[in-house]
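These are my notebook entries on one chain. I record what I looked up, with the criteria I applied.

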Amino acid sequence: MRSSLALLLLGASLAACTPRTGTPAEPPAPANSLYSQSFGNTPAKQVRTMIVVLHGDSPAAKPDYHYAFARAASEAVPDSIAVALLRPGYEDPQGHRSPGERGETTGDNYTADRINAVAATIRHLQRRYALARTVLVGHSGGAAIAADLAATHPGLVDGIVLVSCPCALPEWRKHMKKVSPTPLWDAPVTSLDPVQLVGGMAPSLRAAVLVGADDKTTPVRFSRTFAEALSLRGIATDYRIIPGKDHELLGDPEVISALQRLAAALPGKS
């Protein structure tokens with residue numbers, strides 16, 4: 001009896017010491033939800049900011065860099081949880097995969113069905129963190145999806161942080177055909193163009209738009225065009241060009257700083 005009691009106490013002690021960071025988002029998501037990893041030790045009822053992170057198109061590699069950003073974000077924003085999502089059809093290096101089709105990564109996968117899949121996963125998470133404001137962070141193609149989602153599901157998120165965004169889609173695809181010539185860029189797509197959808201965004205939305213001054217994949221002009229459209233819509237926008245930085249900007253301290261400023265400016269939920 002003493003031996004059994006000791007084992008029970010030991011098991012409870014170990015369970016209490018198990019870190020909560022880096023574990024799949026809770027509660028268990030429906031079978032058709034996107035794969036996620038959540039970071040942060042704030043109890044669910046005390047979470048005031050939920051940060052959702054989307055990776056880029058990642059044509060040549062299985063993405064997992066957004067997990068590291070989500071961890072850093074959860075540590076930088078008080079009373080937060082950060083959830084990194086795998087976009088539809090993507091697989092990470094550890095073999096986790098989200099349902100759906102990845103596409104050709106030529107700006108072809110910012111489609112309504114993929115955006116709706118991200119939105120459905122966010123709604124599922126919001127049921128757990130009912131008192132949290134939602135900030136959606138996207139890098140590259142993930143930024144395009146974040147912008148499209150904010151416009152097609154107005155009010156679902158309270159803020160967006162767009163990093164290295166191809167936010168003027170037809171013009172960006174023409175640019176990429178010159179940078180990386182392939183017939184794939186000539187194929188028609190049904191993706192949504194962020195800059196054409198700004199009018200659907202809630203005016204109460206807050207936004208941050210960041211781009212590296214030396215970004216050759218999504219040059220400054222695409223972010224500038226989108227930031228100007230946001231301002232014309234009356235959306236409070238923090239637009240920054242980061243000197244000496246290229247396309248891989250998500251891990252830069254300036255992005256964390258922009259996220260902190262945006263989260264601090266959002267009104268609380270009651």
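I began with strand pairing, taking two strands as paired if DSSP finds at least two bridges between them. Helices (H or I, at least four residues) and strands (E, at least two) are DSSP runs, numbered from the N terminus. The model is predicted, so I noted the limits: local features need pLDDT of at least 70 and side-chain atom pairs count only at pLDDT 80 or more, while totals for chains, interfaces and linings use all residues. Residues are numbered from 1 along each chain as its sequence is written, and side-chain values use heavy atoms, with hydrogens and water left out.

Entry 1, overall layout. I found 7 helices and 7 strands in the protein chain. Along the sequence I read the pattern α-β-β-α-β-α-β-α-β-α-β-α-β-α. For accessibility I used the relative accessible area: buried is under 20%, exposed over 50%, and partly exposed in between (1.4 Å probe, protein chains only). Of the 270 residues in the chain, 50% are buried.

Entry 2, strand β4. I looked up which strands pair with β4 and found β2, parallel to β4 over 6 bridges. Here V52 stands opposite L136 in β4. Strand β5 (residues 159-163) also runs parallel to β4, joined by 5 bridges. G138 is placed opposite L162 in β5. Between β4 and β5 the chain passes through helix α4 (residues 141-152), and this β-α-β crossover is right-handed. By that I mean that, with the strands pointing away from the viewer, the path from the first strand over the helix to the second runs clockwise.

I then checked burial. In a regular strand the side chains alternate between the two faces of the sheet. In β4, R133, V135, V137 and H139 on one side and T134, L136 and G138 on the other are all buried. Since 7 of the 7 residues of β4 (residues 133-139) are buried, the strand is largely enclosed by the rest of the structure.

I115 belongs to helix α3 (residues 112-128). I115 is buried, at 0% relative accessibility. Its C-alpha is 9.8 Å from that of A144, 29 residues away in sequence.

I counted rings of Phe, Tyr and Trp (its six-membered ring) as paired if their centres lie within 6.5 Å; planes under 30 degrees apart are stacked, over 60 edge-to-face and the rest tilted. This rule gives 1 aromatic pair. W172 and W185 form it, edge-to-face, at 5.6 Å centre to centre and 90° between the planes. W172 lies in helix α5 (residues 169-179) and W185 in the loop between α5 and β6 (206-212), so the pair ties together parts 13 residues apart in sequence. Both W172 and W185 are buried.

Most residues other than glycine have a negative phi, and most peptide bonds are trans. I noted S58, whose phi is positive, near 45°. S58 sits in the loop between β2 (49-54) and α2 (65-76), and is buried at 15% relative accessible area. D79, not a glycine either, has a positive phi of about 55°. D79 lies in the loop between α2 and β3 (80-85) and is partly exposed at 43%.
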